Amino acid sequence: MDEPYVFITRRMPEDIKARLEASCRVSMWEYEDIPVSKGRLEEEIKHADALFCNVSDNIDNEMLNKAEHLKVIATMAVGYNNIDIQTAADKGIQVAHTPDVLTETTADLTFALLMASARRIAEGIDVIRNNEWGAWAPFFLTGRDIHHARIGIIGMGRIGEAVARRASGFNMDIVYHNRSPKPDVEESLGASYAGMDELLTTSDFVCVQTPYTKETHHLIDGNALQKMKKNAVLINTSRGAVVDETALYEALQAGEIRAAGLDVFEKEPIGADHPLLTLPNVTALPHIGSASEDTRQKMAEMTADHILEGLRGDTVSNKVV
Ligand SMILES: NC(=O)C1=CN([C@@H]2O[C@H](COP(=O)(O)OP(=O)(O)OC[C@H]3O[C@@H](n4cnc5c(N)ncnc54)[C@H](O)[C@@H]3O)[C@@H](O)[C@H]2O)C=CC1
Ligand SMILES: O=C(O)C(=O)CO
């Protein structure tokens, strides 16, 4: 019997490729920093038995309908909003993702962004690099306190909970909004459940940790931003389109909220001409929430293992559908 054919949409380290090559024929997009072209993906998905993809690949209905014998899609991410899972399910294609392995790493980055935004770290770095540090001054680059402030976490899932654990270490008052209450988190971290309005109107830091779905599209819109405290900081490490960027720009410029820390954007990558980057109170990162060496390596290994499971005819271990 012919070996199954796997297409990897981004250049991966040799050990990851070799893991698959032990039992599969493997092709790989040549570049690590450029997404696979739509044309190449359309060509490959026709023949592939398995697809190893990532957050920047648009695996929509049109793409999936080109697949002739695809059995498994494994994405090197926990978020899978870029994959049409209904069409995959209809076609009997298993979809696997990488939960848990990146939870702590992403929570670290979320907290780093929260701290950087509150304490104006990026502005401080710029001052030194631009040779603008005159002298110690009493109110120079004063930020806002993190300790004992209220953090409002929207989406108390794996990452939300890991952010809450970090907040607890800073003696923060934790409120959260989720699809359903989490009594275990309330008990272990002293967090309390809040409706969206209460969370928005009372939190000093609002952290968005939901997946991107139809329901969470522009969950943070102009109306939500208006409800936030003037001194509040918004942190988004989930998906860009959970926040309405135009409304965020207007709210920041009008002083309706204090600052924003963003790891994700509505359309990635953004360029240096993005309007939000004109604002000093925006700390922006290029979608690096899970980007530690160990975590990305484990995510890649897990993704390869999901493919091997699916090709053996087993149920993949982190099955979305
Ligand atoms: N910036 C980055 O590099 C990374 C971003 N992410 C993003 O973070 C998301 C969350 O990941 P996990 O915590 O592992 O997922 P999860 O599924 O464990 O948690 C998501 C939580 O959001 C809640 N939720 C869903 N819809 C909601 C709504 N409309 N209102 C309130 N709560 C809602 C769910 O009930 C769940 O508790 C991923 O889907 C992904 O988009 C994840 C990893 C890295
Ligand atoms: O896992 C995800 O959803 C990411 O965004 C990248 O780790």
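**Close-up views of a predicted model**

Arg166 counts as buried because its relative accessibility is 18%, a value under the 20% that sets the limit for the buried class. The legends below describe close-up views of a structure that is a predicted model.

**Figure 1. Arg166 and Asp108 form a salt bridge between two helices.** The side chains of Arg166 and Asp108 meet at a distance of 2.9 Å, taken from N to O. Arg166 belongs to helix 7 (residues 158–169), whereas Asp108 belongs to helix 5 (residues 103–119), so the pair ties together parts that are 58 residues apart in sequence. Asp108 counts as partly exposed, because its relative accessibility is 44%. Side chains of opposite charge can pair when their charged atoms come close.

**Figure 2. Asp204 and Arg144 form a salt bridge between two loops.** The distance from N to O in this salt bridge between the side chains of Asp204 and Arg144 is 3.5 Å. Asp204 is placed in the loop between helix 9 (196–202) and strand 9 (205–208), and Arg144 is placed in the loop between helix 6 and strand 6, so the pair ties together parts that are 60 residues apart in sequence. Are these two residues buried or exposed? Asp204 is buried, because its relative accessible area is 10%. Arg144 is also buried, with a relative accessible area of 11%.

**Figure 3. Four charged residues are joined into one network.** Salt bridges that share partners link Glu104, Asp108, Arg165 and Arg166. One of the salt bridges in the structure is the pair of Arg166 and Asp108. A search of the whole structure finds 18 salt bridges.

**Figure 4. Lys46 and Glu43 form a salt bridge within one helix.** The two side chains meet at 3.4 Å, from N to O. Both residues lie in helix 2 (residues 38–47), where Lys46 and Glu43 are three residues apart, about one turn of the helix. Lys46 counts as partly exposed because its relative accessibility is 28%. Glu43 likewise counts as partly exposed, at 40% relative accessibility.

**Figure 5. Ligand 1 is surrounded by 24 residues.** The closest of these residues are Arg158, Ile159, Asn178, Thr237 and Asp263. Which parts of Ile159, Asn178 and Gly289 lie beside oxygen atoms of ligand 1? For Ile159, a backbone N or O atom lies 2.9 Å from an oxygen atom of ligand 1. For Asn178, a polar side-chain atom lies 2.8 Å from an oxygen atom of the ligand. For Gly289, a backbone N or O atom is found 3.2 Å from an oxygen atom of ligand 1. Ligand 1 taken alone exposes 870 Å², of which the protein buries 88%. The shell around ligand 1 consists of six nonpolar, 14 polar and four charged residues.

**Figure 6. Ligand 2 has polar contacts with Val78, Arg239 and His287.** The shell around ligand 2 is made up of Val55, Ala77, Val78, Gly79, Leu102, Arg239, His287, Ser290 and Met299. By class, these residues divide into five nonpolar, three polar and one charged. A backbone N or O atom of Val78 lies 2.8 Å from an oxygen atom of ligand 2. The side chain of Arg239 places a polar atom 2.7 Å from an oxygen atom of ligand 2, and that of His287 places a polar atom 2.6 Å from an oxygen atom of the ligand. On its own, ligand 2 has 230 Å² of accessible area, and the protein covers 90% of this area.

**Figure 7. Ile128, Trp133 and Phe140 make a nonpolar surface patch.** The area of the patch is about 360 Å². Phe140 is located in the loop between helix 6 (121–129) and strand 6 (150–154). Phe140 counts as partly exposed because its relative accessibility is 39%.

**Figure 8. Glu30 lies in a loop between a strand and a helix.** The elements on either side of this loop are strand 2 (25–28) and helix 2. Glu30 is partly exposed, because its relative accessible area is 44%. Glu30 and Met12 are 18 residues apart along the chain, and their C-alpha atoms are separated by 9.0 Å.

Notes
Residues are numbered from 1 along each chain as its sequence is written. Chains are lettered from A and ligands numbered from 1 in the order in which they are written. This is a predicted model: local features need pLDDT of at least 70, side-chain atom pairs count only at pLDDT 80 or more; totals for chains, interfaces and linings use all residues. Side-chain values use heavy atoms; hydrogens and water are left out. A residue is near a molecule or strand if one of its heavy atoms lies within 4 Å of it. A polar contact is a pair of N or O atoms within 3.5 Å; within protein, one must be able to donate a hydrogen and the other to accept it, and residues adjacent in sequence count only if both atoms are side-chain atoms. Accessible areas come from the Shrake-Rupley method with a 1.4 Å probe; for residues, only the protein chains shown count as cover. Patches are made of residues with over 30% relative accessible area and no salt bridge: like charges are joined within 9 Å, nonpolar side chains (Val, Leu, Ile, Met, Phe, Trp, Tyr) within 5 Å. Helices (H or I, at least four residues) and strands (E, at least two) are DSSP runs, numbered from the N terminus. Buried means under 20% relative accessible area, exposed over 50%, partly exposed in between (1.4 Å probe, protein chains only).
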